[in-house]
Amino acid sequence: MIRAPDSPAGGRDAPCLIQLASLRPADSPRLSGEDADHLIRLAGLETALPPILVHRQTMRVIDGMHRVRAAAMRGQDTIEVRFFDGSEADAFLRAVQENVAHGLPLSLADRKAAAERIIASHPMLSDRAIAACAGLAAKTVGAVRRRSTAESPQSNERLGVDGRLRPLDGGEGRRRASEVIAANPDASIREIARAAGVSLGTAHDVRHRLLRGADPERPRPPRAAPAPPRPEPKDSPSILQTLRKDPSLRLTDPGRELLRLLHSRSIAVGDWQDLVDAVPAHCADSVAQLARDCAEAWGQFATELQRRENSG
């Protein structure tokens, strides 16, 4: 049965030791495979690594392929494992969730490719549910869905993050409810809702509208003029490179100062681990406080820019 994504977590069973030789390579969402630098860092750690997650039916690694390689480099024969039970499609969805939630971050290209694959395997999941799984914006998932399923038949329902199925066209559910009422005028609101696959509130509203002689479908508000298409979001280095070429910034003193600040105070997600490792324990609280203050200041700056754009 298709359902909304679970929260990123391991299997329910207690971890157990498994021979490395019994494991199959991961069906990983990482397009470029394992990262050699990250692998070397893990192999060099003296602390125990968390259990990996493995698909029980296939013994394929879902999450933790870097830890498997690191264990082999350490000369280990076994590794701690938690098991996941489910289909291979669900196992890949879980792999995406796990990789987005912790460890070495997935690139934007990785996440978009994963979203496209999830749309194909779980077409009833809503854009918001897939976005939560893949670490993307719902609008980005919608764009991926339109591009990847333009010539494919579409489901008329979506499964949300709350596990509830909702029709893409609310009018269809209202038409079904009106047909149920016409066939059985004495049916209760609960019976109408169950038979038509709509909420109790929708069933009540449809009956009320029919009693008044009104159309069971709500009149749709006039569509606003479509907003001009906006470019796909780019990664921070690409955005910064584009801004550097803008003469309105490059040729003014405040603009050059802003570019200098953006360059010196931007941080890529993939660079976190090296920087975290460089901070001694006795400085951690101070560095964390400065990072939070910096993030808050940039957040206020972004809010002011957005306010100016909206008011213009």
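This is a predicted model: local features need pLDDT of at least 70, side-chain atom pairs count only at pLDDT 80 or more; totals for chains, interfaces and linings use all residues.

Student: At what angle do α3 and α4 pack?

Tutor: Angles over 145 degrees count as roughly antiparallel. Here, helix α3 (residues 88–101) and helix α4 (residues 108–121) pack at about 150°, and their axes are 10 Å apart. The two helices are therefore roughly antiparallel to each other. Their crossing is left-handed.

Student: Which residues of α3 and α4 make the contact?

Tutor: On the α3 side, look at A89, F92, L93, V96 and V100. From α4 come R111, A114, R117, I118 and S121. Sorted by type, the contact has 7 nonpolar residues, 1 polar and 2 charged.

Student: What's the general idea behind a nonpolar core?

Tutor: In soluble globular proteins, nonpolar side chains tend to be buried together. In this model, the largest nonpolar core has 16 residues, and V96, I118, L125, I130 and V141 have the most contacts inside it.

Student: Which elements give two or more residues to this core?

Tutor: Those are α3, α4, α5 (127–134) and α6 (138–148). The largest share, 5 residues, comes from α5.

Student: What is V96 in contact with, leaving aside its neighbours within four places in sequence?

Tutor: With that limit, V96 touches P29, L106, A114, I118, C133 and A134.

Key: Residues are numbered from 1 along each chain as its sequence is written. Side-chain values use heavy atoms; hydrogens and water are left out. Axes are lines fitted to C-alpha atoms, for helices over the stretch in contact, and angles run from 0 to 180 degrees between N-to-C directions. Helices (H or I, at least four residues) and strands (E, at least two) are DSSP runs, numbered from the N terminus. Angles under 35 degrees count as roughly parallel, over 145 as roughly antiparallel, 65 to 115 as roughly perpendicular and the rest as oblique. A crossing is left-handed if the near helix is turned anticlockwise from the far one by less than a right angle, and right-handed if clockwise. Contact means heavy atoms within 4.5 Å. Ala, Val, Leu, Ile, Met, Phe, Trp, Tyr, Cys and Pro count as nonpolar, Asp, Glu, Lys and Arg as charged, and the others, Gly among them, as polar. A nonpolar core is a set of buried Ala, Val, Leu, Ile, Met, Phe, Trp, Tyr and Cys residues joined through side-chain atoms within 4.5 Å. Buried means under 20% relative accessible area, exposed over 50%, partly exposed in between (1.4 Å probe, protein chains only).
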